[in-house]
Amino acid sequence: MEETFSLRVKKELSRLEPEQSCCVESQLLGLLRAAAVLEAGKEGLRLLATTESAAVARCLYRLLKACSNLKVLVSGRRRRMHRHTLYMVELSAQEGIKAFLEHLGFLNLGDTPVQSVVPQQECCRKAYLRGFFLGAGSISNPKRAYHLELVTGNRIHASHLIRLLRSFRLRARRVERKGRQVVYLKEGDEIASFLTLVGAVRTRLDFENIRVLKGMRNQVNRLVNCETANMTKAVDAAVRQVESIRYLVERVGFDALPPPLREIARLRLEFPEATLRELGAYFTPTLGKSGVNHRLRRLEELAERLRD
Ligand SMILES: [Zn+2]
């Protein structure tokens with residue numbers, strides 16, 4: 001199954017270590033509010049979070065372990081119908097769970113002023129948004145549409161999200177869908193800012209480059225202005241390579257390409273934003289930067305000869 005753009009963002013985000021120790025709890029709080037439910041059983045409170053991403057489950061486990069001494073259980077259940085696994089992260093009923101959730105700010109929602117239940121510091125506000133996105137966010141593949149959303153069943157959480165996003169000058173809007181609150185961003189620029197904000201730096205570049213390839217050259221120029229000149233060159237080269245490969249594929253098809261070039265052509269099309277080193281990493285054994293460059297140049301030469 002092809003990895004969705006959402007999963008790519010989540011994979012990147014779940015690997016990040018929160019910048020500062022204060023942010024660890026904020027990220028955890030956001031993630032729990034997005035993905036966890038509290039159940040009151042005979043033995044006491046039990047917290048259960050579910051996610052379709054193994055990376056998110058691991059991240060949640062790590063955060064819970066970093067913030068508490070509680071016992072954390074992780075399990076996975078294969079869902080045939082949906083062709084993926086659902087991961088569950090659980091704090092079973094145990095001593096200290098209530099105090100921990102209160103300390104975190106997860107429990108007392110409703111009887112405390114709104115300001116006191118979302119993080120105030122800038123770093124922590126970002127971490128909270130990152131956590132929430134991991135738990136209940138999704139982003140459309142920019143090749144199709146610009147859409148990023150955070151979904152919650154809780155109106156207060158939705159209001160928090162809008163306030164937090166506005167505090168970073170992102171004009172989030174809200175709509176109700178099937179009884180759930182959907183907080184969303186629609187502008188490409190704002191989605192890119194969100195990705196940077198929460199630390200998805202690599203996926204942000206993917207996102208920007210897809211916009212370039214969609215013909216929105218002017219958008220990337222703005223980004224490139226604050227990057228290095230090398231970056232511009234790399235983007236230009238990648239755009240050229242993608243054009244050459246598309247031309248070759250259209251004219252002669254993938255199968256007509258020499259086998260060593262076929263794989264690199266496929267990878268370049270799939271990852272127009274990747275650096276040469278990143279592309280090389282998809283090979284076993286890893287192909288060096290110059291090896292990748294050599295093959296891409298051969299593809300460009302082939303295309304050039306064909307054009308003539
Ligand atoms: Zn912080």
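Biologist: Are Cys 23 and Cys 124 buried or exposed?
Modeller: This is a predicted model, where local features need pLDDT of at least 70 and side-chain atom pairs pLDDT 80 or more, while totals for chains, interfaces and linings use all residues. Residues are numbered from 1 along each chain as its sequence is written, and side-chain values use heavy atoms, without hydrogens or water. With a 1.4 Å probe on protein chains only, buried means under 20% relative accessible area, exposed over 50% and partly exposed in between. Cys 23 and Cys 124 are both buried.

Biologist: Which residues are the protein donors of the zinc ion?
Modeller: Look for SG atoms lying 2.3 to 2.4 Å from the zinc ion; donors are N, O and S atoms within 2.8 Å of the metal (3.2 Å for Na, K and Ca). In sequence, the donor residues follow the spacing C-C-x99-C-C. They are Cys 22, Cys 23, Cys 123 and Cys 124.

Biologist: What is the geometry of the zinc site?
Modeller: The site has 4 donor atoms, with angles of 101 to 124° among them. Four donors qualify for the label if all angles lie between 85 and 135 degrees. The zinc site is therefore tetrahedral.

Biologist: How far apart in sequence are the parts that Cys 23 and Cys 124 tie together?
Modeller: Cys 23 lies in helix H2 (residues 21-35) and Cys 124 in helix H6 (residues 122-136); helices are DSSP runs of H or I with at least four residues. The pair therefore ties together parts whose separation along the sequence is 101 residues.

Biologist: Which residues does Phe 194 touch, leaving aside neighbours within four places in sequence?
Modeller: Phe 194 sits in helix H8 (residues 188-198) and is buried, with a relative accessible area of 0%. Counting heavy atoms within 4.5 Å as contact, the partners of Phe 194 are Leu 129, Phe 133, Leu 148, Leu 165, Leu 170 and Leu 185.

Biologist: How far apart in space are the C-alpha atoms of Arg 295 and Ile 264?
Modeller: Arg 295 lies in helix H14 (residues 289-307). Beyond its neighbours within four places in sequence, Arg 295 is in contact with Pro 260, Leu 261, Ile 264, Phe 283 and Leu 287. Arg 295 and Ile 264 are 31 residues apart in sequence, and their C-alpha atoms are separated by 7.2 Å.

Definitions and conventions. Four donors count as tetrahedral if all angles lie between 85 and 135 degrees; four count as square planar and six as octahedral if opposite donors are over 155 degrees apart and all others between 65 and 115; anything else is irregular. Helices (H or I, at least four residues) and strands (E, at least two) are DSSP runs, numbered from the N terminus.
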